[in-house]
Amino acid sequence: MTLQDIPKIKNTNSNNFFLLCGPCAIEGEDMALKIAEKVVTITNKLEIPYIFKGSFKKANRSRIDSFTGIGDENALKILRKVSETFDVPTVTDIHEISDAHLAAQYVDVLQIPAFLVRQTDLVVAAAKTGKVVNLKKGQFMSPEAMKHAVQKVKDAGSDKAWITDRGTMFGYQDMIVDFRGIPTMRQYAPTILDVTHSLQQPNQTAGVTGGRPDMIETIARAGIVNNVDGLFIETHFDPANAKSDGANMLHLDNLEKLLTNLVAIRKTIQSL
């Protein structure tokens, strides 16, 4: 597949990496529109193909009292409004087979969470919607194992698959990114580096995940140098008070400088 297959995506002839970017979770309409407006302005300026990201619900939480969402259809309608307001495609993650049909009515890309990427019925249900399926590599899986997830999409009758690396578990409470996996996974499908989730530090003791946002540019630069097709970055104008994954999100005020640097690195790498 090519980026041109995605409705509303722009700047596809710029030869830039593409970007999936937005808040971890949809917390409300105003916050989603505020973040989208800023990111759209930046990506249009830098000619980066852009897809707005936001989870309509958070099914994978450490504790039962963690924020899970504002209601499925409420959040999905906000994603649709973002798309209509700014003329951009959108992506959200799904967790159950029934989510595939529901979310496909509102967004352009369906994302399979890392913990669920081996769930055959879920992957097949996403593929059968005809939407692009973004397969997040399980923290417990090798890069080579992702060829089977991609093949499930193909066997379900679709060639619209991406792979996203979001780090590999290192011990119990840290992640590492093995950049040797990027060229391997690019043999199977366009490959994205999830910068911010790769910097999570899961905290099983307190049930609240930490992170290393100070390392975002380091990991993102390494991804560009190693020829990832796209980047995944979660951002928020107030990460400290975000309802989900605030500890590893990029502050929205820092996004333009980061992307400007990454575009410059991309141009340099392409000239070699």
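Which strand does Thr191 lie in? Thr191 lies in strand E9, residues 191-194. Strands (E, at least two residues) and helices (H or I, at least four) are DSSP runs, numbered from the N terminus. The model is predicted: local features need pLDDT of at least 70, side-chain atom pairs count only at pLDDT 80 or more, and totals for chains, interfaces and linings use all residues. Residues are numbered from 1 along each chain as its sequence is written, and side-chain values use heavy atoms, with hydrogens and water left out.

Stay with Thr191. Its relative accessible area is 0%, so Thr191 is buried. Buried means under 20% relative accessible area, exposed over 50%, and partly exposed in between, with a 1.4 Å probe and protein chains only. The Thr191 side chain reaches the backbone oxygen of Ala189 at 3.0 Å. Leaving out residues up to four places away in sequence, Thr191 touches Ile163, Ile182, Met185, Arg186, Val228, Asp229 and Gly230. Contact here means heavy atoms within 4.5 Å.

Now the nonpolar cores. A nonpolar core is a set of buried Ala, Val, Leu, Ile, Met, Phe, Trp, Tyr and Cys residues joined through side-chain atoms within 4.5 Å. The largest has 73 residues, and Phe52 and Leu135 touch the most other members. Helix H1 (residues 29-46) gives the largest share of this core, nine residues. A second, separate core has 12 residues, including Ile6, Ile51, Ile192 and Phe232. In general, nonpolar side chains tend to be buried together in soluble globular proteins.

Leu135 leads on to helix H5. Beyond its neighbours within four places in sequence, Leu135 is in contact with residues that include Met146, Ala149, Val150 and Val153. Those four are the buried residues of H5 (residues 146-155). They sit on the same side of H5 because they cover an arc of only 95 degrees around the axis. That arc is taken from the directions from the helix axis to the C-beta atoms. The face turned away carries the exposed residues His148 and Asp155. The cover over the buried residues of H5 includes helix H4 (120-128), strand E5 (132-136), strand E6 (161-165) and helix H6 (181-186). Gly157 follows H5, with a positive phi near 100 degrees.

Finally, return to H1. The axes of H1 and helix H2 (residues 72-86) come within 10 Å and cross at roughly 35 degrees. Axes are lines fitted to C-alpha atoms, for helices over the stretch in contact, and angles run from 0 to 180 degrees between N-to-C directions. On the H1 side, the contact is made by Glu29, Ala32, Leu33, Ala36, Glu37 and Val40. H2 brings Ile78, Lys81, Val82, Thr85 and Phe86.

Note on methods: A polar contact is a pair of N or O atoms within 3.5 Å; within protein, one must be able to donate a hydrogen and the other to accept it, and residues adjacent in sequence count only if both atoms are side-chain atoms.
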